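This report describes the fold, the packing and selected local features of one protein chain. The sequence and structure are shown below.

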Amino acid sequence: MYRARFRKPSGVATARRRLQQRLLELAYPSTLIQRVVVATAEAMINAVRYAGGGELDVVSSDSRLHALITDSGPGIAFDRLAQALLRPRNRLNLGRGHGYWLMVSMASHCRVTSTPGRTRVELVFDVGT
């Protein structure tokens, strides 16, 4: 349905804009489009920041959208990933470190797997929600 490669923040912006247009063309609900675009952009930004870029693949199946963001970076230490996901959010810790929290909040399911040389972020969005 949609595939993009990105290496710089400008590439993320282009991929984000084109993904939004594709989802609009396919007549997905605007609230779903917003969640998909924001969550995938957060994953792409992390891939650029920590791995120099990556790839985005979005496909639909049944009543779900599946987004897979992969990179070839150094990987994420498990203890750092857990902290990013579980740290409480308040005005004292605004800024970096909220990307994974946003992905988890916006997607129906989120799975992050990381090994040295590759990180994969799998986001699933229920179309009916």
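Predicted model: local features only at pLDDT ≥ 70, side-chain atom pairs only at ≥ 80, totals over all residues.

## Strand β1 and its pairing

Strand β1 pairs with β2 in the antiparallel sense, over 5 bridges. Within this pairing, phenylalanine 6 stands opposite glycine 54 of β2.

## Overall architecture

The protein chain contains 4 helices and 5 strands. Along the sequence these elements follow the pattern β-α-α-β-β-α-α-β-β. Of the 129 residues in the chain, 38% are buried. When contacts between residues at least 6 apart in sequence are considered, 60% of them join residues at least 24 apart.

## The sheet

The 5 strands form an open sheet with antiparallel pairing, in the order β1-β2-β3-β5-β4. Its edge strands are β1 (2-6) and β4 (109-115), each of which pairs on one side only. From one strand to the next, the twist averages 10°. As a general point, strands of a sheet pair through backbone hydrogen bonds, in either a parallel or an antiparallel manner.

Strand β3 (residues 64-71) and strand β5 (residues 118-126) run antiparallel and are joined by 8 bridges. Here aspartate 71 has threonine 119 of β5 as its bridge partner. On β4, the antiparallel pairing with β5 comprises 7 bridges, and valine 112 has valine 121 of β5 as its bridge partner. The hairpin of β4 and β5 has 2 residues between the strands, and glycine 117 in this hairpin adopts a positive phi near 100°.

## Helices on the sheet

Helix α1 (residues 9-25) lies across β1, β2 (54-61) and β3, and runs at about 170° to β1. Helix α2 (residues 30-51) also packs on the sheet, where it touches β1, β2, β3 and β5; the direction of α2 makes about 175° with that of β5.

How are α1 and α2 oriented to each other? Their axes come within 10 Å and cross at roughly 160°. Angles over 145 degrees count as roughly antiparallel, and α1 and α2 are therefore roughly antiparallel to each other. The crossing is right-handed. On the α1 side, the contact is made by Pro9, Val12, Ala15, Arg16, Leu19, Gln20, Leu23 and Leu24. On the α2 side, the contributing residues are Ile33, Val36, Val37, Val38, Thr40, Ala41, Met44, Ile45 and Val48.

## The nonpolar core

The largest nonpolar core has 33 residues, of which Leu56, Ile69, Leu123 and Phe125 touch the most other members. Two or more residues are given to this core by each of β1, α1, α2, β2, β3, α4 (99-106) and β5. Helix α2 gives the most, with 11 residues.

With residues up to four places away in sequence set aside, isoleucine 69 touches Phe6, Thr40, Ala43, Met44, Glu55, Leu56, Thr119, Arg120, Val121 and Leu123. Among these contacts are Thr40 and Met44, which also belong to the α2 side of the contact between α1 and α2. Leu56 and Leu123, likewise touched by isoleucine 69, are named with it among the core residues that touch the most other members.

## A buried asparagine

Apart from neighbours within four places in sequence, asparagine 46 is in contact with Ala51, Tyr100 and Met103.

## Positive phi in two loops

Alanine 27 has a positive phi of about 65°, although it is not a glycine. This residue is found in the loop between α1 and α2. With a relative accessibility of 63%, alanine 27 counts as exposed.

Aspartate 62, another residue other than glycine, has a positive phi near 50°. Its position is in the loop between β2 and β3. A relative accessible area of 86% makes aspartate 62 exposed.

Methods. Residues numbered from 1 in each chain as written. Heavy atoms only, no water. Pairing = 2+ DSSP bridges. Axes fitted to C-alpha atoms, helices over the stretch in contact; angles between N-to-C directions. Contact = heavy atoms within 4.5 Å. Core = buried A, V, L, I, M, F, W, Y, C linked by side-chain atoms within 4.5 Å. Buried < 20%, exposed > 50% of the residue type's maximum accessible area, 1.4 Å probe, protein only. Parallel < 35°, antiparallel > 145°, perpendicular 65-115°, else oblique. Left-handed = near helix turned anticlockwise from the far one by under 90°.
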